[in-house]
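Subject: Structure handover

Hello,

Here is the structure I promised to pass on. Please open it first, then read my notes below.

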Amino acid sequence: MTTSGISEVAAEYYEKQAQLREKREELSTVRADVFATDSEEVEQKARNLFDTLGVDTGSGQIQRIDELEAEISELRDEVESLEVELWEHVEELRLPFEQSIDSRDSEIVFEFSESLSEPVVRAMTDIHPAAPERVTLETEAITVETDEVGEAISAVEEFVTEIRETARENIDSKPVKKSSDSSGLLG
């Protein structure tokens with residue numbers, strides 16, 4: 001699988017994650033303004049109080065909280081679907097190696113013939129946060145801190161294999177249906 005499909009999914013995934021964070025922050029702020037705290041437990045108690053002992057004045061504040069919760073739920077579903085789709089792409093990803101190896105100082109560099117997008121690099125490093133310290137994935141290359149070429153090749157193979165395996169495990173553990181059509185997720 002090429003990097004173009006994964007680039008689009010990764011970019012959309014991180015964009016939706018940011019939108020979800022913003023909506024959660026907005027909900028927290030509105031909830032604190034309406035109920036004097038961000039506590040969901042207090043919110044439920046206050047709602048019960050208002051419903052059983054109050055008169056609906058139609059201020060719309062609680063309605064805004066309900067709308068935000070619905071938007072958050074929808075965004076969370078979109079993020080989960082995109083996350084699974086992203087993992088599927090990572091599981092099948094083939095890196096665009098230049099098919100040459102450079103030795104620079106105490107590093108071995110595996111350059112790419114085409115750049116990876118920042119979201120792809122971020123996705124791969126997010127999936128494998130415990131990557132070996134000596135392996136660095138960048139948009140233009142994978143670099144291994146060693147002066148032994150064979151060791152560097154093994155480190156890159158291990159790094160990419162572990163990323164793929166982690167993506168596969170994440171797919172298998174997610175209760176979300178896997179997407180077979182990457183074009184209509186949010187449409």
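Let me start with a single residue. At 77% relative accessibility, Q99 counts as exposed, because the cut-off for exposed is over 50%. Q99 sits in strand 1, which covers residues 97-104. Its backbone is worth a look. Phi of Q99 is near 70 degrees, a positive value in a residue other than glycine.

A36 shows a positive phi too, near 65 degrees, and A36 is not a glycine either. You will find A36 in the loop between helix 1 (3-35) and helix 2. A36 counts as exposed, at 74% relative accessibility.

Now the overall picture. Keep in mind that this is a predicted model. The protein chain has five helices and four strands. Along the sequence they run α-α-α-β-β-α-β-β-α. The chain holds 187 residues, and 34% of them are buried. Its accessible surface comes to about 11,100 Å². Carbon and sulfur atoms account for 43% of that surface. Take the contacts in the chain with a separation of 6 or more: 68% of them join residues 24 or more positions apart.

How far does the predictor trust its model? The average pLDDT of the protein chain is 86, and 88% of the residues score at least 70. Confidence is highest in strand 2 (residues 107-112), at 96. It is lowest in helix 2, at a mean of 87. Please treat one stretch separately. Over residues 176-187, pLDDT stays under 50. The model has 17 contacts beyond four places in sequence for those residues.

Next, the aromatic rings. The whole structure has four aromatic pairs. In one of them, the ring centres of F97 and F110 are 6.4 Å apart and the planes stand at 70 degrees, so the pair is edge-to-face. This pair links distant parts of the chain: F97 is in strand 1, F110 is in strand 2, and 13 residues separate them. F110 is buried, at 7%.

F97 also pairs with F112. Here the centres are 5.7 Å apart and the planes make 50 degrees, a tilted arrangement. F112 lies in strand 2 and F97 in strand 1, so this pair ties together parts that are 15 residues apart in sequence. F112 is buried, with a relative accessible area of 5%. Together, F97, F110 and F112 form one aromatic cluster.

On to charges. A search of the whole structure finds 17 salt bridges. In one of them, the side chains of E71 and K23 meet at 2.8 Å, N to O.

R31 forms a salt bridge with D38, and their closest N and O atoms are 3.4 Å apart. R31 is buried, with a relative accessible area of 5%. D38 is partly exposed, at 37%.

R47 and D66 form another salt bridge, at 2.5 Å, N to O. R47 is in helix 2 and D66 in helix 3, distant parts of the chain that are 19 residues apart. R47 is buried, at 15% relative accessible area. D66 is partly exposed, at 36%. Which residues do the shared partners join? Salt bridges that share partners put R31, D38, E43, R47, D66 and E69 into one network.

Last, a spot on the surface. L49, F50 and L53 make a nonpolar patch of about 320 Å². L53 belongs to helix 2 (residues 40-53). L53 is exposed, with a relative accessible area of 69%.

Begin with the aromatic cluster of F97, F110 and F112. Move on to the salt-bridge network that includes R31 and R47. Finish at the nonpolar patch of L49, F50 and L53.

Best wishes

How values were computed. Residues numbered from 1 in each chain as written. Predicted model: local features only at pLDDT ≥ 70, side-chain atom pairs only at ≥ 80, totals over all residues. Heavy atoms only, no water. Helix = DSSP H or I, 4+ residues; strand = E, 2+ residues; numbered from the N terminus. Buried < 20%, exposed > 50% of the residue type's maximum accessible area, 1.4 Å probe, protein only. Contact = heavy atoms within 4.5 Å. Areas by Shrake-Rupley, 256 points an atom, 1.4 Å probe, with all protein chains shown as cover. Patch = residues over 30% accessible without salt bridge, like charges linked within 9 Å, V, L, I, M, F, W, Y side chains within 5 Å. Salt bridge = Lys/Arg side-chain N within 4 Å of Asp/Glu carboxyl O. pLDDT = per-residue confidence, 0-100. Phe/Tyr/Trp six-rings, centres within 6.5 Å; stacked < 30°, edge-to-face > 60°.
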